[in-house]
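Biologist: Let's walk through this structure step by step. Please show me the model.

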Amino acid sequence: MSSVKLRAIAVARGGDKGGDLHMPLLVFDRDHYDAVREQVTADRVHQLFLADVPGGVERFEVPNVCGLNFILHGALEGGRTRMLKFDYRFSLSERLLDLDVEIPD
Amino acid sequence: MTNESIRIGSGSGARSDRLDAAVDLVDRGDVHYMCFDAMSEAGAAAQYLKKMEDPNLGYDLNLRERFQLVLGPALERNVKLLGNFGAANPLGGARVVADVARQLTGRRVRVASVEGDDVIEYVLANRDLTIMGQHDQTIDSLEGTIIAANAYIGAEPMAEALAMDADVVVAGRVSDASLYLAPMLHEFGWSLDDWDRLGRGITVGHLLECGSVSTGGMWAEPGYREVPRMAQMGMPLAVVQSDGTADVSKTPDSGGVVNRFTLSAHLMHEINDPKRYLNPDVVADFTKVHIEDAGEDHASVFWNSAEGPAGTRRPDTLKVLVGIDEGYLVDVWLLCSGYKAVEKARMCEEIIRERLEHNDKVTPLDDRFDYIGLTSGLGDSAPMPETLPGEVMLRYAARVRTHAEALTIARLSEYLIIIGPLGMGERRQNIRKSIGIYPTLVPREVCRLNVEMVEVN
């Protein structure tokens, strides 16, 4: 096993639905998918973004494309047309991609 | 009418998308249909406000300029144009398109508008509707005034408009992916309860609806992924077969990139449960689709029937976005530079806090401070950087009930440079409406959809 930044093996892009921030993660190589699925849990992502996610983090698996779809509930404070925070829906995922994961050699 | 295959392109992926991208796709893409998503949740709020100011407005403000550019070339090549650019006022939008058509060409042009997604009367009469995702909270419990309520509607009325020989279909709050399903319904004659086919069509539509986001936008990463010619980014284009399978590429001779990764990333864009993507036309199952590379800047999108249908029965309810006027958002920005810039910004924060505490004419409903250059784009949960920058923008934002309160706060930025610490500089202020957008569900029958046709020349 070796340790890599998620950024080296995956991409994450943000989006929004009302007050929720969406952060799907796409793993490029199917050989890495199980490792990412085991290590990048909803709980780990919740801990990473704790102060920004009042409603918690939900995760859906999208195995046909080696994807994990994270929903960060409440991260956009009721939506872009009323939030006081900056529109960070496309930038917050930068920190997800900085996570370290162990992948098979 | 049943055809073997059709070519559908994306004309815009957002309200503020480039205007020339659609013209390039008409010129070089050999498309039969082009669909425009021009209405985000935030865009909808802006259009509701426009319509309140002037009932003739409320459609996408780029509409006239967009059609002045694209309508001529589209008519010449017989490309049908569909979009949700009618926003809060589809009939008004159709009139603008008809007006452009009258000036542009001598040929006959048929412009359809799809009305009926406005359900504000129903919502006002049923304030006990609950907000989606917040089961205990009703619309009635929200602070503020209801200014709009529009339902996400499906492809059926747009397909009907195409059957009436429309050249342009101007709709309002239709679901993004349904824009793309409409030509498939019309051309392939799919039954409205063929959930597998509809699920496939919605999947393909979803892959196209955000324009260049599936063809190389939001993709380049220094040191990891290069995207060629981003300034000439192409738009997605699909050759869709009558069984729903598709070859997805982009505007010929354009920048950007299309492959299984760009499309797979977009498959997950702004969805919740991938097995149940709730759409007015079908509940699509995005876990059934296969996406594979098919040559340079081409990807193949297909299904294996043995793995089950790509969709199931549509919901009995429609999702409605309720817009609530909650007052004003006011922003004050102040550039702090030089020696101990961050510390100076903190001094300004203290001054703002104290000034507001002693001002009984201003009571923010909620507020916050940001230090732009430290953690503003990375969330409140981000760690502080180890070395502090030599300049930082302090930003104070508040929600207030009245415009007078907003003005009082906006003035802060002007005098802070005089009474604050040494080394302040550029300051800005901004006041805008605070519109809450709350989703709820209404019975499907509440929407009485209606297609109107205007013919010019």
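Biologist: Which residue just after H7(B) takes a positive phi?

Modeller: Keep in mind that this is a predicted model. Look just after H7(B). The phi there is positive, about 65°. The residue is Gly189(B).

Biologist: Is helix H7 of chain B largely enclosed or exposed?

Modeller: H7 of chain B covers residues 176-188. Of its 13 residues, 13 are buried. The rest of the structure surrounds this helix, so H7 of chain B is largely enclosed.

Biologist: How are H3(B) and H4(B) oriented to each other?

Modeller: Two packed helices are described by the angle and the distance between their axes. Helix H3 (residues 63-76) and helix H4 (residues 90-104) of chain B have axes 9 Å apart. They pack at an angle of about 45°. Angles that are not roughly parallel, antiparallel or perpendicular count as oblique, and H3(B) and H4(B) are therefore oblique.

Biologist: What handedness does the crossing of H3(B) and H4(B) have, and which class of residue has eight members in their contact?

Modeller: The crossing is right-handed. H3(B) contributes residues including Phe67(B) and Leu71(B), and H4(B) contributes residues including Val96(B) and Val97(B). The contact has three polar residues and one charged residue, and the eight are nonpolar.

Methods: Residues numbered from 1 in each chain as written. Chains lettered and ligands numbered in written order. Predicted model: local features only at pLDDT ≥ 70, side-chain atom pairs only at ≥ 80, totals over all residues. Buried ≥ 20, exposed ≤ 12 C-beta atoms within 10 Å, placed from the backbone. Helix = DSSP H or I, 4+ residues; strand = E, 2+ residues; numbered from the N terminus. Axes fitted to C-alpha atoms, helices over the stretch in contact; angles between N-to-C directions. Parallel < 35°, antiparallel > 145°, perpendicular 65-115°, else oblique. Left-handed = near helix turned anticlockwise from the far one by under 90°. Contact = placed C-beta atoms within 7 Å. Nonpolar A, V, L, I, M, F, W, Y, C, P; charged D, E, K, R; others polar.
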